[in-house]
Amino acid sequence: MSKPKLALIPSGYKSGKVYSILPNDASGDFDFTRQSIGTRVRKDGLIEEAKTVGSITNELLYSEEFTGLYWGTINTTITSNQELAPNGTNTADKLQRTSTSASYRQHSISKSSTAKKYTTSVYLKKGSHDYFALRTQGSYPSRVDIRFRFDTEQIYYATAVSNFTLYDYGVEVLANDWYRLHYTYETDTYNNINVSFSPRHSDGNIDSSDSGSTAHAFVWGAMVSEGALSDYIKTEGSQETKRVETFTDVPRLDWLNSNCPSLLLEPQRTNYCLNNTQLHLNSTLSSGATITLTGNYATAPNGTLTATRLQATGSGSNYAYLSMNGTNPTTDGSGGGYYRSSVYVKSNTGNTQNIILFAAGAPSPYTREVTTEWTRIEILGYRPANAKYTYIGYSSGADSDLDFLAWGGQTELVNSYASSLIYTGASAVTRLKDECINGGDSDLFDITEGTFFVDVTPYINTSSNHYISLNDGGSSDRFVFIFQSNGTQVRLFGVSATVNFLSHYQNITFNQRNKLAVTFKEDEFKFYLNGSLVHTDTSGSMPTGLNQLDFSENNGNRNFEGKVHDTRVYDRVLIEAEAIELTTL
Amino acid sequence: MIKVGKYIFDNEAQAETKIKGLGVDKDENGNEYPTHSHAIVRLGREVIEEGETDAEGNVIKETVLSEKYLIDVVWNGIEEHPYGWKSYAVTPSGEPLHNFYGVDYLENKM
């Protein structure tokens, strides 16, 4: 079988990217976003918050010494060590302007003659007046101008000029009236940038005329680093680098129940089980039976000593429960609708035990087996009102003397499946959705025939269809696998020059692995599923201008939900034997 | 760039109207889906007094709910509340009912 033009077999990633195996020039890599933390199961079976580890360098020298020895003075004065800095040392400097319009303290950084994405940050404390201006400039007029007000605690003006692009900016409000300002931008291709700070009486940029000449502020901890904002790093006469962990936009290669990792793409979900790694903090409910909770008793599925020991003794219709969702499970609407609760359990006696997992409106049986290995057990409840209680422990049907471990409770307002674990404390917590889009380009997909193959575990989403599409960046030309909200079908859909020429619904089993392929050329389209040719269409034009592969619609909506094991695009029609071999489970 | 907003609307219908105003479409099966990139979490009606149930799920005391309806949002790519949202924005004191995983509310507050 020939090599595919694009092959995504999940293995390599960094924050914001999923690497394709082929091609190896990065043109087939996917953009990835998830603006929150998410957890995954590692190869060794432990649960962890997905992260990437890299290094960050403060390229700005003398980050706490703003004197004229190291920084350009430009009509400003510095008095060193005049204020307690955010780290508690007396190292913050007083920066004061003069009557000259251009009053600012400046430092330059040499860089390569390419555009770079940087973040500038600095700690500020109010001195005399409310305004402070900042600028990072390449080859004039290319720059970013930032204006901050101490009284409103906000950056009220942020503008990129000419060949600079501004991505982000913000203010951290800190103790003792300190602020950390930051802004992220892409530079021009000039081989140098200048970073400038200016205290001001009134509104304006660093070089604008001002209504007064005596404004001052306290400054400390300036930093310029590549990429997004990170923790502050002190520098003196040389750049300093330290190791950093990134948790957002990190693709999750998940090893749950598999010897190979898959790319986990989940929708937004909220966990209403409070204190889910400290379940002993939640309330108990008993009648006749007894229950004892011991917190931080044993090693949990994430390798930490946070599992709760639950001992319960009862008989007959007595009961003794841990209320998994806590005593104050937040609001959740006026009621109605399903909720799915899950929790990791393990026997603490060396023997298998039967326990009760109970939820409102849940059909029996409520008995669950607890083995000597950590296992995630689930129950589907239905809310009669706003309640979504889930209990675990002793009741009729359980062994009379229970001694087991519990950890990682999760309650989601869905009926479909329990998603990856979301850590909670005293509040409900939402993990945001995964988005993996924009793989490949027009050169890669400049094909007149081909094969589009996906090996995926689609999750059921009863509220909306979800997509995997090879498209032209719009909806005029595309091949799409549409996983239907009925939870039983996938639709193969083809559009050429806005004409819908191909539509076939095929039954599949969701929440299980499926291998799908469409081979395509003019007037010959074949759909293979799990080793069988399931549909042939002998009329239709080829879509043209294909330039991206998305685990979503072409516009980023209706993201695919499930696991991606393999994805390929070939520039030829695989013969039937090849397509069957490729799609055989 | 993301910003986090917390809102209390007068009632659920008003909240749903505001959410719908951000953009929705329908798929071929008639299901509505959002066409915007913001993340909405419907926290539901405000609890005035917690209810109680027994272990069989029988309601011992009904939960008392306000008509007020709570929503948390991660705004994506905008720096101000959309039109019609600002007057319903709130800043909770103490521990909030809800957080986004790893997203510091105060640091990213709209």
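The following legends describe close-up views of a predicted model. Residues are numbered from 1 along each chain as its sequence is written, and chains are lettered from A, with ligands numbered from 1, in the order in which they are written. Local features need pLDDT of at least 70, side-chain atom pairs count only at pLDDT 80 or more, totals for chains, interfaces and linings use all residues, and side-chain values use heavy atoms, without hydrogens and water.

**View 1. The cis peptide bond at Pro23(A).** The bond from Leu22(A) to Pro23(A) is cis, with omega near -5 degrees. Pro23(A) lies in the loop between β3 (17–18) and β4 (30–33) of chain A; strands are DSSP runs of E, at least two residues, numbered from the N terminus.

**View 2. The cis peptide bond at Pro141(A).** Omega is near 10 degrees for the cis bond from Tyr140(A) to Pro141(A). The loop between β12 (131–137) and β13 (143–149) of chain A holds Pro141(A). Most peptide bonds are trans.

**View 3. The positive phi of Asp177(A).** Asp177(A), a residue other than glycine, has phi near 65 degrees. Asp177(A) is located in the loop between β15 (165–173) and β16 (178–186) of chain A. Its relative accessible area is 54%, and Asp177(A) is therefore exposed (over 50%, with a 1.4 Å probe and protein chains only; buried means under 20%, partly exposed in between).

**View 4. The positive phi of Ala497(A).** Phi is near 50 degrees at Ala497(A), in the loop between β38 (489–496) and β39 (499–507) of chain A. Ala497(A) counts as exposed because its relative accessibility is 51%.

Notes
Helix = DSSP H or I, 4+ residues; strand = E, 2+ residues; numbered from the N terminus.
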